[in-house]
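Good morning, colleagues. Please take a moment to look at the sequence and the structure on the screen.

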4 protein chains.
Amino acid sequence: MQVFTEELTATGRLTAYVQDPSDELASAATRPAMLVLPGGGYRFCSDREAEPVALAYLAQGFNCFVLRYAVGEHPWTDSFADGVAALEWIRDHADEVNIDPEKVAVVGFSAGGHLAASLGVSAPRRPDALVLGYPVTLAEFGPPVGKEFIDCPSHVDELTPPTFLFSTQGDTLVPIRNSLRFLTALAEHDIAFESHIYLLGPHGLSLATAAVANGRAAMVDDSVSQWLTDSVTFLRRIFGDFAVAGEAEVYADLLERRRPGLDMPVNRLLADDALTAVLDTHLPAEVIAALRSDGLAWSLSLRDLSGHQPELLNARVLEGLERDLHAVRN
Amino acid sequence: MQVFTEELTATGRLTAYVQDPSDELASAATRPAMLVLPGGGYRFCSDREAEPVALAYLAQGFNCFVLRYAVGEHPWTDSFADGVAALEWIRDHADEVNIDPEKVAVVGFSAGGHLAASLGVSAPRRPDALVLGYPVTLAEFGPPVGKEFIDCPSHVDELTPPTFLFSTQGDTLVPIRNSLRFLTALAEHDIAFESHIYLLGPHGLSLATAAVANGRAAMVDDSVSQWLTDSVTFLRRIFGDFAVAGEAEVYADLLERRRPGLDMPVNRLLADDALTAVLDTHLPAEVIAALRSDGLAWSLSLRDLSGHQPELLNARVLEGLERDLHAVRN
Amino acid sequence: MQVFTEELTATGRLTAYVQDPSDELASAATRPAMLVLPGGGYRFCSDREAEPVALAYLAQGFNCFVLRYAVGEHPWTDSFADGVAALEWIRDHADEVNIDPEKVAVVGFSAGGHLAASLGVSAPRRPDALVLGYPVTLAEFGPPVGKEFIDCPSHVDELTPPTFLFSTQGDTLVPIRNSLRFLTALAEHDIAFESHIYLLGPHGLSLATAAVANGRAAMVDDSVSQWLTDSVTFLRRIFGDFAVAGEAEVYADLLERRRPGLDMPVNRLLADDALTAVLDTHLPAEVIAALRSDGLAWSLSLRDLSGHQPELLNARVLEGLERDLHAVRN
Amino acid sequence: MQVFTEELTATGRLTAYVQDPSDELASAATRPAMLVLPGGGYRFCSDREAEPVALAYLAQGFNCFVLRYAVGEHPWTDSFADGVAALEWIRDHADEVNIDPEKVAVVGFSAGGHLAASLGVSAPRRPDALVLGYPVTLAEFGPPVGKEFIDCPSHVDELTPPTFLFSTQGDTLVPIRNSLRFLTALAEHDIAFESHIYLLGPHGLSLATAAVANGRAAMVDDSVSQWLTDSVTFLRRIFGDFAVAGEAEVYADLLERRRPGLDMPVNRLLADDALTAVLDTHLPAEVIAALRSDGLAWSLSLRDLSGHQPELLNARVLEGLERDLHAVRN
C-alpha cells in the first residue's frame with residue numbers, strides 16, 4: 001500500500017491510502033474511492049474519525065483519502081473549497097490511485113457530515129454517494145461554532161447523490177432534526193437514501209468500537225457499529241460490488257467431487273484401482289505418470305485439467321472418461 | 001499510517017503497517033500485532049492472502065506485518081528461519097511500531113498456515129496466538145510440493161499458543177485431516193482453541209469476499225467470510241480488547257437527560273423559564289451568560305461541566321441544583 | 001406451548017401463543033408480551049404478517065398474541081376498539097399467560113402499523129412499546145382505502161411509548177413521508193425511538209425472508225430482514241433482558257480449570273497421582289470413592305461440589321486443598 | 001399453529017408444532033421438519049433444550065417435533081427405539097403435518113446428541129441431516145451414566161447423513177474428543193459436515209441466550225449463539241431454501257420507478273400534467289377515472305396493471321405508452 005499526503009490548498013491536506021495492485025487481484029484494478037471528512041465542530045479535525053475510518057473502508061476494498069480541511073479562524077467557504085479540491089484531485093488522479101472516478105463516495109461525521117452534505121448539494125461536480133454520520137445539516141448550527149454556512153436540506157436538488165445517513169437519537173449535541181430534515185428533503189426530491197437512527201449513544205461515536213473509543217465505555221455500542229457494514233452494502237448496491245463470474249459453490253458440487261466422474265480430484269481417481277483402469281484406457285501412460293508426480297496438479301479434477309491442457313483432454317476424451325467413470329459409480 | 005519494508009534475511013521481506021498514534025486514541029498506544037503469512041504451496045507468496053488480510057486486521061485495531069518468506073528452491077528450513085526472524089524483529093521493535101510484544105499473533109493460510117503452525121510448535125519464542133486458515137499441518141504434504149518439513153500435530157506441546165483454525169470440508173487440495181489431526185493434538189495437550197470447519201468452499205478462499213475473489217464466484221462465501229470477525233473475537237478473549245472504563249449507555253441515561261436535573265443539557269435547561277430560574281438561583285449571572293454563548297458547552301450537562309469546572313460547580317452547588325431541578329419535574 | 005383463540009368482540013379474534021413454564025426456565029416465568037397486528041389495507045388481515053411474526057418473537061422469548069381485527073365494511077373505530085380490547089385482555093390475563101403487564105409491546109405492519117401507532121398515541125392505556133413496519137400514519141391515506149382514521153403524527157404526546165420503526169424508501173404504496181412525519185413528531189415530543197429506513201424493497205416485506213416471501217424473490221432482502229433482531233435489541237433496552245446473574249465465562253476461567261486447584265474437574269485431579277495424593281490428605285476415603293463412581297459428579301470441580309456439600313467441603317478444607325493443589329502446579 | 005402430543009411408545013412422547021397453512025404462504029405448503037432430542041444425561045429430558053429449540057427452528061420455517069424419550073432405569077435400546085419411532089411417525093404423517101418426508105433433520109444436545117448421532121449411523125431409515133450440540137458420541141461415556149450404548153464414530157458409514165456439529169472446547173463434562181472423533185469418522189467416510197467448536201462456554205448452553213440461561217450469566221455467549229443460524233444455513237444448503245422466483249430488487253429498479261415509464265406508479269403519472277396527457281392519448285377516459293379512484297391500484301405501475309388487465313393494457317398499448325412516457329423524461 002502507498003500512503004502519501006498532498007497539500008491541496010493553504011489549508012487542505014489530503015492523505016491517500018492506495019492498495020497495491022496485483023495480477024492476483026486483477027478484478028480490483030479499479031476500486032471505488034472513499035473521501036473521509038472528520039468532524040470536530042469546524043474547530044479541528046478529529047483523529048478518531050480519520051484514519052480508523054479510512055482503514056475500515058480499505059478493508060472493504062475501497063481506496064481511501066482523508067482530508068484535513070480549513071477549521072478554526074478560517075471562514076466556512078475555505079472548508080468547502082478544500083472539499084471541492086479533494087474531490088477534484090481524486091478524480092483527476094483516478095488512474096494513478098487506481099479508482100473509478102464515477103464511484104467517489106464521501107463520508108463525513110458531525111461537522112464533517114455538514115461538509116459532506118454541502119458537497120452533495122452544491123459542489124460543482126457532486127460526489128457519487130454520501131455517507132453522513134450524526135451530521136449537522138442545518139444553518140442554525142453555524143453561529144454556535146462561530147461560522148456561517150449553508151443550510152443543506154434547503155439545497156437538496158435532483159443532482160444530490162444517493163445518501164446513507166446514521167445518527168443516534170440520544171445525541172444531545174447535534175439534535176436529531178438535523179437528520180430528519182435532511183431525510184425529508186431527500187424524500188421530497190426523490191433521492192435514494194438509507195437511514196439508521198439508533199436509540200442510544202452520545203455524539204461522536206465514530207465506528208462505535210473499543211478500538212476508537214479512547215477508553216470511554218459510552219463510546220462503544222454494538223448496534224451502532226453496524227453502520228459501517230450497512231453503509232458498504234448500500235454503496236455496493238449503488239456502485240456494484242467487485243465483479244465475479246461463474247457459479248458459486250453449492251452442495252451438489254461437493255457431492256459431485258466425491259463421486260467418480262470429471263469433477264473428482266485426480267488423486268482420488270488414482271487411489272482406486274477400478275478408476276485408474278478407466279484413466280489408463282483414455283490417457284497416455286506418461287500423462288498419468290505426470291499427474292501422479294505433480295503435487296498440485298493431482299488435486300485438480302479432469303475438468304479442471306482440461307482447461308489447462310485442452311489438446312490432451314479434449315471434448316471427445318472427456319466424454320469417454322465421463323461415461324466410463326460414471327459406470328463405476330455403482 | 002506508516003508502511004515500510006525491512007529485508008530481514010536473504011529471502012525474508014517484512015512489510016509493516018503501523019497506524020498513526022494520536023492523543024485522541026491514547027488507549028490504543030499499544031496495539032496487538034498480527035504477522036501475516038500468505039500461502040502458495042511454498043512455491044510463491046500469494047497477494048490474495050497478504051495485504052488484504054493485513055487491512056482486515058488493521059481495521060480491527062491491530063498493527064500488521066506481512067512476511068514474504070523463502071519459497072521455491074529454498075529448503076523449508078529457510079522459510080522457517082524467516083518466520084522466526086519476523087517474530088523477533090516485531091518484538092525487538094515493539095516500541096517503534098507501537099505494539100505489545102506479548103500480543104503477537106500469527107495468521108497463515110495453506111502453506112503459510114503450515115509455517116504459522118510450525119512457529120507455534122517449535123519457534124524459540126512462540127507466537128502468542130495462532131490463526132490458521134485451511135492449513136497444511138502434516139509432514140506427508142511436504143513431498144508433493146518438493147519439500148521436507150515438520151509434522152505439526154506431533155510437535156504440539158504445552159508451549160503451543162491458543163489457536164483459531166478454520167477450513168472448508170469441501171477443500172480437495174488440502175484434505176481436512178490436516179485440520180482434524182492438529183485440533184486433536186491441541187485437545188490432547190489442553191491447548192485452548194476455536195475451530196470453524198465450513199461445509200462448502202474450495203481451497204484458497206482467503207477472506208472469502210468479492211474484493212479478494214479475483215472474479216471467481218466460487219471464491220465468495222458468506223458463511224466462510226465470518227472467520228475474520230470470529231478470529232478477532234477469539235484474539236480479544238485471549239489478549240483482552242482495547243480497555244474502556246466507565247459505564248456503557250443504557251436507556252435510563254437517555255431518560256435522565258430528558259428530565260430536569262444534572263444530566264439535562266444546559267441548552268435545554270435554558271430553553272425553559274422555570275428551569276432557568278433555578279440556574280439563576282445557584283449560579284452567577286456571568287456563568288449563565290457564558291454558557292449561553294458557548295456553542296459546544298451549551299450541549300453539556302451540569303454534571304459534565306462540573307468535571308471541567310469543579311471549583312464553580314462543586315458538590316454543594318450540584319446538590320442544590322439537583323434538588324431544585326427535580327422539584328420542577330412535576 | 002398453549003395456542004388458543006379468544007373472541008374479544010364481534011370482529012376481534014385474538015390468538016394466544018403461550019410458552020410452557022418450566023422449573024428449568026424459572027427466570028422466564030414472566031415474559032414480555034408482543035401483540036401482532038397484521039396489515040392488509042384495512043381490507044383483510046394478512047397471514048404473512050401474522051403467525052410468522054409471532055413465531056419470530058416467540059423464539060426471542062416473548063409470549064405472543066395475533067389479533068384479527070375489524071376490516072372491510074366496518075368503520076375504523078371498530079378496528080381501534082378491537083386493538084384496545086386486545087391490549088386490555090392481555091394485561092387482564094397477565095398471570096394466566098405468564099407475561100409482565102408492564103412489558104406489552106405492539107408490532108403492526110402497513111395498515112396494522114397505523115392501528116399500532118393509533119394505540120400508541122390514543123389508547124386509554126398505551127402499549128409499553130411500539131414496533132412499526134412500513135406503517136401508514138397519515139390521515140390522508142384513509143380515503144384511498146375507504147376509511148376515515150386518525151392522523152397519528154398529530155396525536156403524538158408525552159404518553160406515546162418508545163417506538164421502533166422500519167420501512168423501505170423504495171416502497172411505492174405507502175410513501176416514506178408516513179415514516180418521516182411520525183419520527184419528526186416523536187422527536188418533537190422527546191419520545192425515544194429507533195428507526196431503520198432501508199434503500200430497497202417493495203411494500204409488504206414482513207420478515208423479508210424466503211419463508212414468508214410466498215415465492216417472490218423481490219420479497220427477500222438480507223438487509224431488511226435485520227429489522228427483527230434490531231427490534232428485539234431495542235425492546236430489551238427498554239424492557240430489560242431476561243435477568244442473569246454471576247459472571248460470564250472468560251478465558252481466565254478456562255485456564256484455571258486446566259491447572260491444579262479448586263476449579264479443576266475432579267476427574268482430572270483423580271487422573272494424576274500427585275493430585276490424588278493431595279485429595280487423600282484432605283478428604284475421607286469414602287468421599288473420594290464416591291466421587292470416582294459418580295459419572296456426573298466427577299466432572300464437577302471441588303468448588304462446584306462445595307456448593308452442594310458445604311458441610312464436607314467447608315471453607316477451611318477448601319483453603320487447605322487450594323494451597324496444596326497450587327503447590328503441585330510447578 | 002397446532003400443538004399436540006402423541007404417545008408413540010410406553011416411554012416416548014412426541015409433541016408436534018405445526019404451522020398454519022395459508023394461501024398467502026403457498027410456497028411453504030411443504031416445510032422441512034426438525035425433530036428435537038433434548039439432553040439430560042439419559043436421566044431426564046431437559047426443558048431448556050426442548051421447546052425453546054423447537055421455537056427457534058419454527059421461526060426459520062420448519063415444522064418441529066420434540067421427543068421425550070426413555071431415560072433413567074430404561075435401557076438405552078428403549079431410548080433408541082423411541083427415536084426410531086419418532087422418525088417413522090413424522091414421515092408417516094408427512095401430509096398431515098405439512099412436511100417433506102425427505103427433509104427430516106434431527107437436532108440433539110449432549111445425551112440427546114448421542115441419540116441423534118445413533119439414529120444417524122444406525123436407524124433403519126436415517127434422518128436426512130443431523131445437528132449435534134456438544135454431543136456425547138463415544139461408548140466410554142455410557143458407564144458413567146449407567147448405560148451401555150453404541151460408539152457412534154465407529155458406526156459411521158456411507159448412509160450417515162450430512163452433519164452439523166457444535167461444541168465448546170471449554171466443556172468439562174463431555175470432553176471435546178467426543179466431537180473430534182465423530183468428525184474424523186465423518187471425514188474418513190466422505191460424509192459432508194460443518195463444525196463449530198467455540199473457545200468458551202460450559203456444558204449445556206442450549207441456544208446460549210439469556211432467554212434459556214435460567215439466570216446464569218455463564219450460559220450466555222454471543223459467539224456460541226450463532227450456531228442456530230449457522231445450522232439453518234447448513235440445512236438450507238442441503239435441503240434447499242423455500243423456493244422463490246423472479247428477480248430480487250436492485251437499485252436500477254428503484255431508479256426506473258422514479259422515471260416516467262411503465263414502472264412508475266400510476267399515482268405519480270397522474271400527478272404530472274405532461275404524463276397525464278400521455279395516458280389520455282393511450283387509455284380510455286373511464287379507465288383513467290377508475291385508476292384515480294382506486295386507492296390500491298393507483299400505486300401500481302402500468303406494467304403491474306397489465307398483468308391484471310392484459311386485454312386493456314396489451315403489448316401494443318404498452319409499447320406506445322413506454323415510447324411516449326420516455327419521451328417526456330427530458
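This is a predicted model: local features need pLDDT of at least 70, side-chain atom pairs count only at pLDDT 80 or more; totals for chains, interfaces and linings use all residues.

I begin with chain A. Its secondary structure comprises eleven helices and eight strands. The radius of gyration is 28 Å, well over the 20 Å that the globule rule gives for 330 residues, so chain A is more spread out than a compact globule. Along the principal axes, its C-alpha atoms fill a box of roughly 85 × 40 × 40 Å.

What share of the residues in chain A counts as buried? The figure is 60% of the 330 residues. As for contacts in chain A between residues at least 6 apart in sequence, 70% of them join residues at least 24 apart. Turning to charge, chain A carries 24 positive and 46 negative side chains, while the centres of the two sets lie 4 Å apart.

I turn now to the interfaces, starting with chains C and D. Here 67 residues of chain C are in contact with 67 residues of chain D. The two chains bury about 5100 Å² between them, with 60% of that on carbon and sulfur atoms. On the chain C side, the residues that lose the most area to chain D are Met1(C), Glu24(C) and Glu249(C), which together give 12% of what that side buries.

Finally, I draw your attention to two backbone positions. Tyr42(B) has a phi near 55°, a positive value in a residue other than glycine. Tyr42(B) lies in the loop between strand 3 (31-37) and helix 1 (51-58) of chain B. Its relative accessibility is 2%, below the 20% cut-off, and therefore Tyr42(B) counts as buried.

The other position is Ala208(D), a residue other than glycine whose phi is positive, near 65°. Ala208(D) is found in the loop of chain D between strand 8 (193-198) and helix 5 (227-239). With a relative accessible area of 1%, Ala208(D) is buried.

Thank you for your attention.

How values were computed:
Residues are numbered from 1 along each chain as its sequence is written. Chains are lettered from A and ligands numbered from 1 in the order in which they are written. Side-chain values use heavy atoms; hydrogens and water are left out. Helices (H or I, at least four residues) and strands (E, at least two) are DSSP runs, numbered from the N terminus. The radius of gyration is taken over C-alpha atoms; the globule rule is 2.2 Å times the number of residues to the power 0.38. Buried means under 20% relative accessible area, exposed over 50%, partly exposed in between (1.4 Å probe, protein chains only). Contact means heavy atoms within 4.5 Å. Lys and Arg count as positive and Asp and Glu as negative; His and the chain ends are not counted. The place of a charge is taken as NZ of Lys, CZ of Arg, CG of Asp or CD of Glu. Buried area is the accessible area (1.4 Å probe) that two parts lose on being put together, summed over both.
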